[in-house]
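Here is a chain to examine by question and answer. Each label is set against the rule behind it.

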Amino acid sequence: MAEKTKKRLDEVAQSGSTKGVIDRPSPIRRHVKWKMARTKKSGQTTSEAAKKIAEKIVSHFQLRIVIIFVYSVNALDKYMSFVHDSLEEQVSQGSFVPQGR
């Protein structure tokens, strides 16, 4: 928390904003604490088992990011399709007159 607070204060000092000073940083997530507790100062994990589990954690979060991205893209596609269909309907009814491109 102290590192995150210091980083946020440094960012605020550079930007000149006061928003970051008011907002406290979010707490460190459990998986990050777990990995920190099993990582030596040299950057190596304390055991081969901890290394395997850390790799699973990373792959799990990468998969979550991909799923969120795909969901967002699909939701955007559906929304754009809805808007396009709505505009086509308004054009056919004469309530919307397209201009330009």
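Q: How many salt bridges does the structure hold?
A: The model is a predicted one. It holds one salt bridge.

Q: What makes K6 and D10 a salt bridge?
A: Their closest N and O atoms are 3.2 Å apart. The cut-off is a Lys or Arg side-chain nitrogen within 4 Å of an Asp or Glu carboxyl oxygen. K6 and D10 therefore form a salt bridge. In general, side chains of opposite charge can pair when their charged atoms come close.

Q: Where do K6 and D10 lie, and how many residues apart are they?
A: Both lie in helix α1, residues 2-15. They are four residues apart, about one turn of the helix. An α-helix has 3.6 residues a turn, so residues three or four places apart point the same way.

Q: Why is K6 called exposed?
A: Its relative accessibility is 52%. Exposed means over 50%. K6 therefore counts as exposed.

Q: Why does D10 count as partly exposed?
A: D10 has 37% relative accessibility. Partly exposed covers the range between the buried limit of 20% and the exposed limit of 50%. So D10 counts as partly exposed.

Q: Why is α1 said to lie largely in the open?
A: Of its 14 residues, the number buried is one. Buried means under 20% relative accessible area. So α1 lies largely in the open.

Q: What span does α1 reach, and what is expected at 1.5 Å a residue?
A: From first C-alpha to last, α1 reaches 20 Å. The expected value is 20 Å. After α1 comes G16, with a positive phi near 85°.

Q: Which residues of α4 are buried, and against what do the buried residues pack?
A: The buried residues are A50, A54 and I57. The buried residues of α4 pack against α3, residues 30-37.

Q: What makes V66, F69, V70 and V73 a nonpolar patch?
A: Nonpolar side chains are joined within 5 Å, for residues with over 30% relative accessible area and no salt bridge. V66, F69, V70 and V73 form such a patch on the surface. Together they have about 340 Å² of accessible area.

Q: Why is V70 partly exposed?
A: V70 lies in helix α4, residues 48-93. It has 39% relative accessibility. That is between 20% and 50%, so V70 counts as partly exposed.

Q: How do you know that the chain is more spread out than a compact globule?
A: The chain has four helices and zero strands. Its radius of gyration is 24 Å. The globule rule gives 13 Å for 101 residues. The value is well over the rule, so the chain is more spread out than a compact globule. The C-alpha atoms fill a box of roughly 70 × 40 × 20 Å along the principal axes.

Q: What share of the chain is buried?
A: Buried residues make up 6% of the 101 residues. The accessible surface comes to about 9200 Å², of which 59% belongs to carbon and sulfur atoms.

Q: Why is R38 partly exposed, and what does R38 touch?
A: R38 sits in the loop between α3 and α4. Its relative accessibility is 31%, so it counts as partly exposed. Not counting residues up to four places away in sequence, R38 touches Q44, T45, T46 and A50.

Q: Why does F96 count as partly exposed?
A: F96 is placed in the segment after α4. It has 33% relative accessibility, so partly exposed is the label. Beyond four places in sequence, F96 is in contact with L87, Q90 and V91.

Q: How far apart are F96 and T45 in sequence and in space?
A: They are 51 residues apart in sequence. From C-alpha to C-alpha, they are 63 Å apart in space.

Q: What separates M1 and P27?
A: Along the chain, 26 residues. Between their C-alpha atoms, 6.4 Å. M1 lies in the segment before α1.

Terms used: Residues numbered from 1 in each chain as written. Predicted model: local features only at pLDDT ≥ 70, side-chain atom pairs only at ≥ 80, totals over all residues. Heavy atoms only, no water. Patch = residues over 30% accessible without salt bridge, like charges linked within 9 Å, V, L, I, M, F, W, Y side chains within 5 Å. Areas by Shrake-Rupley, 256 points an atom, 1.4 Å probe, with all protein chains shown as cover. Helix = DSSP H or I, 4+ residues; strand = E, 2+ residues; numbered from the N terminus. Buried < 20%, exposed > 50% of the residue type's maximum accessible area, 1.4 Å probe, protein only. Contact = heavy atoms within 4.5 Å. Rg over C-alpha atoms; globule rule 2.2 N^0.38 Å. Expected span 1.5 Å × (residues − 1).
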